[in-house]
Amino acid sequence: MAARQSRTRSGRRPAHAAAAVIAAAACLAAGPGVAAGEPAAPEPTPAFGAYLDYGPRGVARMAALSHWLGGAELRVGHTYLPGDRWSNIEGAPGFLDVWADWRTRQADRMLVLNVPMMERNEEHVGDDEVRELLRQGAAGRFDHHFRALAERLVALKVPDTVLVLGWEMNGTTYTHRCGPDPEAWKTYWNRIVTTMRAVPGQKFRFDFTPSRGRDAVPWTRCYPGDATVDIIGMDSYDQPRGMSFDEQVKEPYGLQAHVDFAKAHGKPVSYPEWGLFRNGDNAAYMRGMLAWMDEHKPVYNTVTDYCPHGVWQCDDNPRSTAVYRSVLFGRTDGPEPTTPTPAEPTTPTAPPVPPAPPTTPEAPADCSPLELGDWVEYWLGGKLCMRLDWYARAK
């Protein structure tokens, strides 16, 4: 159903301003570096984060979101490659750099990157043209674009990036959709994965992520095979109108079908996109989705944090925001600690959780606002700031 796919994709088209990229990069908090070739530490699971913005603002906001969550450890950075033209799908210089820098500052972090399979990906290309493009992709016409992307990620020292390739292929929104020719789509997916895995130094994981439910076609018809899929994800928003969370679990091709399918294929699950939508400020959905993920232990999850879906950057959902914050406040998702025997009885005190916590992002400390002009700030969605100690840090 097309209505299930109709979401505002705000903030996914970069405004390619080099000065803004440099300024936002200067706001990144210092952290321990990871040398090239250094083995990554074992990943505790599950990891979580939020989609906060496609570009440097998304990186800069992660520390403020962690602070709002009582120091909770956000180990997942999530962004999207623009699908407007092939040069951007290849990873245009300057776009991925700040995300790679964030990832390599701590060994247990995870970079999740949504990768379009076609250019003009949101231009409502007709089925006949999509069918022809899929067949061209299956024949190898576009291999070189994905080889270039793989080489770029390896050069940026993020060879272990999780690639959400051709997401929500079971719907009608994207040019990389599966419906017009599922067999060509699967062959094309396999070509892309094979091409990227052939690049020396890569350690990519490929995430097959449909939207929840049947949508335009059953997503199982698009599954390309266990050899080229590492994770089976699902984008699961609170829709359609009037559907309860229990119904979202039980519906055909829903949440239960997803975990059952993944188990049958020996794959872990993920939730790259989830959040509120058609049913407004729905605290029952928020409680249900958080409990579902705690039970089924996805490799990672990232809530889509802009209106109408979000909980921190959107002030339209105060009840759901309170639920999200109360569940994740202070969470680190590390191994369960051994409980020591206290010398004297103590009474643990839960962190205070306001019924409707503020949702306005906090500016990083020791930053000076940059006056970039109304036009630039309009496209960036707000002001940027530069750390006051950037000169000393760069020396």
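User: Which residues are buried in H2?

Analyst: Welcome! Please keep in mind that this is a predicted model. In H2 the buried residues are Pro-56, Arg-57, Gly-58, Val-59, Arg-61, Met-62, Ala-64, Leu-65, Ser-66 and Trp-68. With 10 of its 13 residues buried, H2 is mostly covered.

User: How do you know that the length of H2 agrees with what a helix should span?

Analyst: Helix H2 covers residues 56-68, and at 1.5 Å a residue its 13 residues should span 18 Å. The end C-alpha atoms are 19 Å apart, so the two values agree. H2 also bends by about 30° at Met-62, and after the helix comes Gly-70, with a positive phi near 70°.

User: What makes the pair of Tyr-237 and Phe-277 edge-to-face?

Analyst: By the ring-pair rule, the count comes to 21 aromatic pairs. In the pair of Tyr-237 and Phe-277, the ring centres are 6.4 Å apart, which is within the 6.5 Å limit. Their planes stand at 70°, and over 60 counts as edge-to-face, so that is the name for this pair. Tyr-237 belongs to strand S7, while Phe-277 sits in the loop between strand S8 and helix H10, so the pair ties together parts that are 40 residues apart in sequence.

User: Why are Tyr-237 and Phe-277 called buried?

Analyst: Buried means under 20% relative accessible area. Tyr-237 has 1% relative accessibility, so Tyr-237 counts as buried. Phe-277, at 13%, counts as buried too.

User: What makes Phe-245 and Tyr-285 an edge-to-face pair?

Analyst: Their ring centres are 6.2 Å apart and their planes are at 70°, so this pair is edge-to-face. Phe-245 is in helix H8 and Tyr-285 in helix H10, so parts that are 40 residues apart in sequence are tied together. Phe-245 is buried at 13% relative accessibility, and Tyr-285 is buried at 1%. Elsewhere, ring pairs join Trp-185, Trp-189, Phe-208, Trp-219, Tyr-223, Tyr-253 and Phe-261 into a cluster.

User: How do you know that Cys-178 and Cys-222 form a disulfide?

Analyst: Their sulfur atoms are 2.3 Å apart, and the cut-off is within 2.5 Å. The torsion about their S-S bond is about -100°, so this disulfide is left-handed. Cys-178 lies in the loop between strand S4 and helix H7, and Cys-222 in the loop between strand S5 and strand S6, so the pair ties together parts that are 44 residues apart in sequence. Both Cys-178 and Cys-222 are buried.

User: Why is the disulfide of Cys-307 and Cys-314 called right-handed?

Analyst: The torsion about the S-S bond of Cys-307 and Cys-314 is about 105°, so this disulfide is right-handed. The sulfur atoms of Cys-307 and Cys-314 are 1.9 Å apart. Cys-307 has a relative accessible area of 33%, which makes it partly exposed, whereas Cys-314 is buried at 0%. A search of the whole structure finds 2 disulfides, and the pairing in sequence order is 1-2, 3-4.

User: Is Arg-105 buried or exposed?

Analyst: Arg-105 has a relative accessible area of 16%, so Arg-105 is buried. Arg-105 is found in the loop between helix H4 and strand S3.

User: What makes the link between Arg-105 and Asp-101 a polar contact?

Analyst: The side chains of Arg-105 and Asp-101 come to 2.8 Å of each other, and the distance limit for a polar contact is within 3.5 Å.

Key
Residues are numbered from 1 along each chain as its sequence is written. This is a predicted model: local features need pLDDT of at least 70, side-chain atom pairs count only at pLDDT 80 or more; totals for chains, interfaces and linings use all residues. Side-chain values use heavy atoms; hydrogens and water are left out. Rings of Phe, Tyr and Trp (its six-membered ring) pair if their centres lie within 6.5 Å; planes under 30 degrees apart count as stacked, over 60 as edge-to-face and the rest as tilted. Helices (H or I, at least four residues) and strands (E, at least two) are DSSP runs, numbered from the N terminus. Buried means under 20% relative accessible area, exposed over 50%, partly exposed in between (1.4 Å probe, protein chains only). A polar contact is a pair of N or O atoms within 3.5 Å; within protein, one must be able to donate a hydrogen and the other to accept it, and residues adjacent in sequence count only if both atoms are side-chain atoms. The expected span of a helix is 1.5 Å times one less than its number of residues. The bend at a residue is the angle between axes fitted to the seven residues ending there and the seven starting there.
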